[in-house]
Amino acid sequence: MGWGTVGNQNVENYAYTSTYSSVGTVNWGTGLIASNTANQDLKWETTYSTNIEFDLNLFQNRIEFIADFYHKKTKNLLLQLPLPAYVGTQGAGATSAPWYNIGSLQNKGVELTLNTINLDKRGFQWRSSFIFSLNRNKVLSLDTETSLINKTIQEGSDITVITRTAVGKPIG
């Protein structure tokens, strides 16, 4: 049995404040331009997890059964929100999209493992392993206007939603 809390700091440095880059100009020397869009309300993404494991060994460890059940809840999910192209998100002098805490997520599941030693004679050993795992995730909350996150692809003037994340549903 185990439980714990872990944080995620996998965001670019100084995402909470504005940073600037120097950019050379043709006739005016060197200037400064915003490198990122700041978010002073940015918090750590935090995952709380609990798991219970059961191990069973039989027949002098020739058969081993392992069952692991887990539950994770993540708060303050970190996501880099896209900016419109007219802001200047690509090429020289581009600014990076802002990081936001966009909601919470739940993961729960089970992993079952069966290991066997089928044959062990005269220096020859035959082992088998069977693994079954099941993971279910559910979005618990989203801090967006529509409570939806759509990922789209654009071909010409056609925009197609390729994944949709909504409260109460799995990711994507």
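Throughout this tour a residue counts as buried when its relative accessible area is under 20%, as exposed when that area is over 50%, and as partly exposed in between, with a 1.4 Å probe and protein chains only. The model is predicted, so that local features need pLDDT of at least 70 and side-chain atom pairs count only at pLDDT 80 or more, while totals for chains, interfaces and linings use all residues. Residues are numbered from 1 along each chain as its sequence is written, and side-chain values use heavy atoms, with hydrogens and water left out.

**The whole chain**

Begin with the chain in cartoon view, where you will find 11 strands and 0 helices; both are DSSP runs numbered from the N terminus, with helices (H or I) of at least four residues and strands (E) of at least two. Turn the view along the principal axes, and the C-alpha atoms fill a box of roughly 85 × 40 × 40 Å. The radius of gyration is 25 Å, whereas a compact globule of 172 residues would have one near 16 Å; the radius is taken over C-alpha atoms, and the globule rule is 2.2 Å times the number of residues to the power 0.38. If you colour by burial, buried residues make up 23% of the 172 residues.

**Tryptophan 44**

Next, select tryptophan 44, which lies in the loop between strand E3 (30-34) and strand E4 (45-58). Is tryptophan 44 buried or exposed? With a relative accessible area of 52%, tryptophan 44 is exposed. Show its contacts (heavy atoms within 4.5 Å), and, leaving aside residues up to four places away in sequence, tryptophan 44 touches Gly7, Asn8, Gln9, Lys75 and Asn76.

**Asparagine 101**

Finally, move to asparagine 101, whose place is in strand E7 (residues 99-101) and which counts as buried because its relative accessibility is 14%. Its side chain makes polar contacts, meaning pairs of N or O atoms within 3.5 Å, where within protein one must be able to donate a hydrogen and the other to accept it, and residues adjacent in sequence count only if both atoms are side-chain atoms. The side chain of asparagine 101 reaches the backbone nitrogen of lysine 43 at 2.8 Å, and one of its polar atoms lies 2.9 Å from the backbone oxygen of asparagine 76. Beyond four places in sequence, the residues that asparagine 101 touches include Asp41, Leu42, Leu77, Leu78 and Asp143.
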